[in-house]
Amino acid sequence: MSSREKIVRLLRTHSDQYLSGQEISNALHISRAAVWKQIEQLRAAGFDIDARRAQGYCLRSSPDVLLADDIQYGLATKIVGRQIDCVKQLGSTNQSVREAAAAGASEGLVVLADSQSAGRGRLGRNWVSPAGVNIYCSVLLRPQIPPPDASQLTFLTAVATAEILDDVCGLNARVKWPNDVLVNGKKIAGLLNELGAETEQIHYLVLGIGLNVNMAADQFPLDLRYPATSVMLETGNTQARLPLVRALLLRIDELYHDLLTQGFAPLRRRWEARFDLLDRPVEVDQGQRIVRGLVGGLDADGALRLLLPDGRSERILVGDVRPADC
Ligand code: BT5
């Protein structure tokens, strides 16, 4: 934990009191001049810290800044968030966690960036990642499951993200096959899982989550593939990111534990409960052909089961799914 984070922690745990520069300096084993410098930096970062001559410092309010210590404080997870790194700017949190995984980092590592300069979507696409408003988060897992089952974790992040949007923000979040989270038919979160594996064994899996929290309408690019939104645009209020990140990590941790101990079926039911096209006629655009049928549900490997008009069933592995009259 940095000196800056330690000062924030100390001021928070004495929220209604003034702490003298000397008390802080003693607690942190740094000079009073260093304390003063850190306090000035915190103020510049948006912390409202009152200073009184004979009394010291008192924290009045904190900005919407994500600090590892705040996220980790009392977080009741078993695996996810054992180590948390919050960085001001990164190319891509997924890339950073992949590199850490290749260098031997332990399961549960979480990396968050305030902004990304090369945020990644699927198939080489770009994830727009402005500073200070959204959540860009990657989680490192090393599940001992067969590599074909790794796609189950995409549904895990979708369920976790959708459920916490309901719980924390009161939204009715839905899922879109295979990897988007929608609110009122618009994309609020994109998920990108990346796998490091051999035929028989998963070395690591990176769960990447981009969640639009306080992004304003004019921050979205004009050429979006799909209509997009943010928590603020849906609720009309700004939303602090800290409770959302904490809830997200906790839910991923719970679902991961359930998946390893109970298998895919409970997770599949939770995902299907948020999938508006279940049992409905759809058409799947696969580029070179369009398949029509009734959605039967998810297979264990994440394929979409389609019941065709002639009674056969087809497993859909890729494509854009949309409602249709069959
Ligand atoms: C995704 O790709 O939806 C996966 C996005 C995953 C982003 C997270 S952020 C943390 C982690 N680190 C990374 O580097 N990535 C992950 P895809 O389905 O290919 O959607 C990408 C498309 O969504 C783009 O081509 C745009 O049209 C659109 N898009 C870009 N930025 C967006 C945003 N912030 N909100 C909504 N739509 C966006």
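Reader: In the turn of the β12 and β13 hairpin, which residue has a positive phi?

Author: β12 and β13 form a hairpin with five residues between them. Strands here are DSSP E runs of at least two residues, helices H or I runs of at least four, numbered from the N terminus. The turn residue with a positive phi, about 95 degrees, is G311.

Reader: What is the basis of the model?

Author: The model is predicted: local features need pLDDT of at least 70, side-chain atom pairs count only at pLDDT 80 or more, and totals for chains, interfaces and linings use all residues. Residues are numbered from 1 along each chain as its sequence is written, and side-chain values use heavy atoms, leaving out hydrogens and water.

Reader: Which residue in β13 is the bridge partner of L304?

Author: β12 (residues 304–307) and β13 (residues 313–316) pair in the antiparallel sense over four bridges. Pairing requires at least two DSSP bridges between the strands. The partner of L304 in β13 is I316.

Reader: Which residue stands opposite L304 on the β11 side?

Author: β11 (residues 290–298) also pairs with β12, antiparallel, over four bridges. Opposite L304 stands L298.

Reader: Why does W127 count as buried?

Author: W127 lies in the loop between β4 (109–116) and β5 (135–141). W127 counts as buried because its relative accessibility is 16%.

Key. Buried means under 20% relative accessible area, exposed over 50%, partly exposed in between (1.4 Å probe, protein chains only).
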